Amino acid sequence: MLDNETILIVDYGSQYTQLIARKIREQNVYCLVYPYNKIGSKFLVSKNLSGIILSGGPNSVKDKKSPKLDKKILSLNIPILGICYGLQLLCNEFRGKIGQSSSREYGHSLINHNKKSELFKGIKKTSQVWMSHGDHIKKEPNGFVVTSFSNKNVISSIEDKKKMIFGLQFHPEVYHSLDGKKILSNFLFNICKISTKFKLEDFLFNKINELNKKLKNKKVICGLSGGVDSTVTSFLLHRAIKNNLYCIFVDHGLLRHNESNEVVSIFKKKFGNNFIRVDASNIFLSKLKKIKDPEKKRKIIGKTFIEVFEKEAKKIKNVEFLAQGTLYPDIIESIPFFGGPTAKIKSHHNVGGLPEKMNLKIVEPLKELFKDEVRLLGKKLSISPDLLNRHPFPGPGLAIRIPGEIDRKKIDILQRVDNHFITYLKEKNIYKKIWQAFAILLPVKSVGVMGDERTYSYSIAIRAVTSVDGMTADFYMFSKEDLTEISKRIISNVKEVNRVLYDFTSKPPGTIEWE
Ligand code: XMP
């Protein structure tokens, strides 16, 4: 990836750092995110850097223990854009004055820019932006000019054109900053003078060559679930190393309606005998018998997955590599920011533990990409849109959508309900508007009446959320007609169910899954 013109985003702990990266990638510019305290000198010179963005952050520069500006960054002599805390760091460094106000400037705000600034080129004099700050600039550093004020008369941007240093008090990366995209594009193309765009075609071509060299005559195994990440990983590797790729699909019996058969038919066609399906549903379900605790379920599924996968993989002799569908957000999140792990809400199931156990080297061909880029790459690899645009599905599958004990009967009910719900969303073209939709089988039976008969059957909850990355989510607002039809279809087709509830909880405070 050395040849890409790259923007380095220095992370000071803002909740919006990944959003900055996404907004830059959306403009087809390659960028990398690094925590402020993990940037080595070698790294800075080894990359083809065209500009640097300093992110926002929760600290105050007036606090002695707050993250500092790394002087190495200033010595590179390339354009720098500080956003919020990043701006205040620059102001502090060049001896401007920072003030602390009793109240935060938070939310929508209007800014007026009067001076000619390259950053605001093509933008009307007054622009709506998103603010989120306590500290503010009281006096700009010598040599800098103020280029805009907010309607509360707070300095909103400064710059020193000669030094190529720019700063914004507001967040151009946030959707509510209506000219944010243009401001970032001005920085990238007019100030940093990025001339070659990051193209997925080039990425694909280079990646295949790179994998080809690295894995020549080596055997690689890949855990395939049929999800987007593992599917694209396997198709990409197959292009590079053909029959040295072996894909193992562990069917734990907790998949969606007909999913297992679909996965088998697609991948058998593509990989032939190098695609191995293991029906491990009996093992998984017997280990999950009588288990109610969600974390215990996850741990059992994770551990059993490793055991089954390992046993199957050992049948293939002389394997050296394990392929994983790690994406760039996973990499960013796995670099501990302040040295400690981030709060763990749920233990997610992955194949961690396998490489050490089996003495395998890891290959992660998608680790530079975001999810939307992975989908586009999948398209270039001729993967069917049905596979690429599927909603995310958790590793532990339906086990975490059946609160309480699990058995085959409950799985079967939930599969049928879920299928009616999802089919309706697809028919009405709602599926694409939703990040994730699914049903949950509740451990509650209630009384109902159907025809002249009294029923005593299961209750189902349905969940549909919109989201960008699964970190936060909003419930989807169905129309009354949709809710009526969904409920009608489920109850008239699945006799074990007589009540349908809609979950209208956002994340936070809820999570997307129920367990
Ligand atoms: P939550 O429930 O934490 O879910 O709001 C966020 C996203 O992660 C998925 N999820 C999982 N994925 N293993 C996975 O591979 C898991 O254990 C797991 N739990 C949640 C969830 O479906 C949503 O997309």
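Phe-478 is buried (under 20% relative accessible area, with exposed meaning over 50% and partly exposed in between; 1.4 Å probe, protein chains only), its relative accessible area being 8%. Tyr-476 is likewise buried, at 17%. The ring centres of Tyr-476 and Phe-478 lie 4.9 Å apart with planes at 75°, so the pair is edge-to-face. Rings of Phe, Tyr and Trp (its six-membered ring) pair if their centres lie within 6.5 Å; planes under 30 degrees apart count as stacked, over 60 as edge-to-face and the rest as tilted. The model is predicted, local features requiring pLDDT of at least 70 and side-chain atom pairs pLDDT 80 or more, whereas totals for chains, interfaces and linings use all residues. Residues are numbered from 1 along each chain as its sequence is written, and side-chain values use heavy atoms, without hydrogens or water.

Over the whole structure, 18 aromatic pairs are found. Tyr-106 and Trp-130 form an edge-to-face pair, at 5.5 Å between centres and 70° between planes. Tyr-106 is exposed, at 52% relative accessible area, whereas Trp-130 is buried, at 11%. One aromatic cluster comprises Phe-235, Phe-249, Phe-267, Phe-271 and Phe-275.

The largest nonpolar core contains 97 residues, and Ile-7, Ile-53 and Leu-377 have the most contacts inside it. Such a core is a set of buried Ala, Val, Leu, Ile, Met, Phe, Trp, Tyr and Cys residues joined through side-chain atoms within 4.5 Å. A second, separate core of 50 residues includes Val-308, Phe-309, Ile-402 and Ile-422.
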